[in-house]
Amino acid sequence: MADDEIVRRTGGADWIPYWEAGRRRELRFQRCTDCQTWRFPPGPMCPSCLSFASEWAPASGRARLVSWVVCHPPLLPVWKERAPYVVVLVECEEGVRTIGNLLDVGADDLRMDMPMIVDFAPSPDGDLVPQWRPAG
């Protein structure tokens, strides 16, 4: 795949390390190497200290549930066979918020602030991506 195709499919060059980590079943977020602030979505500059120095550090994979939505048709054709499905918003221990599909349970089993843990499952294009399930 050409570099411009990789950038287009991943959301931009800043996102490539995030998706590559997911393919290895790792959850990583950008962290400023000057002030240690975690950030997501990724970007070239730290919003706290304005430094351009960063690393892709491993995250704990633990989070708390902040919100969720049940997606029903009409959807993009690639998601049609999976509907309805639940998308969750979680706040990770590192302080960043991220979204992903819910695994193993339905929306009726969710409650605010419940502990969540990352897992990895294929997206419609086959890549392993971070998704979430209740902890324990």
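**Reading side-chain contacts**

Tutor: Let us begin with Asp-119, which is partly exposed, its relative accessible area being 21%. Keep in mind that this is a predicted model, so every value here is computed from predicted coordinates.

Student: Which residue forms a salt bridge with Asp-119, and how far apart are the closest N and O atoms?

Tutor: A salt bridge is read from the gap between a side-chain nitrogen of Lys or Arg and a carboxyl oxygen of Asp or Glu, with a cut-off of 4 Å. In this case the partner is Arg-133, and the closest N and O atoms are 2.2 Å apart. Because Arg-133 belongs to strand β8 (residues 128-134) while Asp-119 belongs to strand β7, the pair ties together parts 14 residues apart in sequence.

Student: Is Arg-133 buried or exposed?

Tutor: Buried means under 20% relative accessible area, and Arg-133, at 19% relative accessibility, therefore counts as buried.

Student: How many salt bridges does a search of the whole structure find?

Tutor: The search finds 10. One of the salt bridges joins Asp-113 to Arg-64, with 2.4 Å between the closest N and O atoms. That pair links distant parts of the chain, since Asp-113 sits in the loop between β6 (97-101) and β7 (115-122), whereas Arg-64 sits in strand β4 (residues 62-71), 49 residues apart. Asp-113 is partly exposed at 45%, and Arg-64 is likewise partly exposed at 30%.

Student: Which residues are linked with Asp-113 in a network of salt bridges?

Tutor: The network links Arg-64, Glu-91, Arg-97 and Asp-113. Within it, the side chains of Arg-97 and Glu-91 meet in a salt bridge of 3.1 Å, N to O; Arg-97 is partly exposed at 41% relative accessible area, and Glu-91 is partly exposed at 23%.

Student: How many aromatic pairs are there, and how should I read their geometry?

Tutor: The count comes to 7 aromatic pairs. Ring planes over 60 degrees apart count as edge-to-face and those under 30 degrees as stacked. The rings of Tyr-18 and Trp-19 have centres 4.8 Å apart and planes at 75°, so this pair is edge-to-face. Tyr-18 and Phe-29, by contrast, are stacked, at 6.3 Å centre to centre with 25° between the planes. This second pair links helix α2 (residues 16-23), which holds Tyr-18, to strand β1 (residues 28-32), which holds Phe-29.

Student: Are Tyr-18 and Phe-29 buried or exposed?

Tutor: Tyr-18 is buried at 4% relative accessible area, and Phe-29 is buried at 0%. Both belong to one aromatic cluster, formed by Trp-15, Tyr-18, Trp-19, Phe-29 and Phe-40.

Methods
Residues numbered from 1 in each chain as written. Predicted model: local features only at pLDDT ≥ 70, side-chain atom pairs only at ≥ 80, totals over all residues. Heavy atoms only, no water. Helix = DSSP H or I, 4+ residues; strand = E, 2+ residues; numbered from the N terminus. Buried < 20%, exposed > 50% of the residue type's maximum accessible area, 1.4 Å probe, protein only. Phe/Tyr/Trp six-rings, centres within 6.5 Å; stacked < 30°, edge-to-face > 60°.
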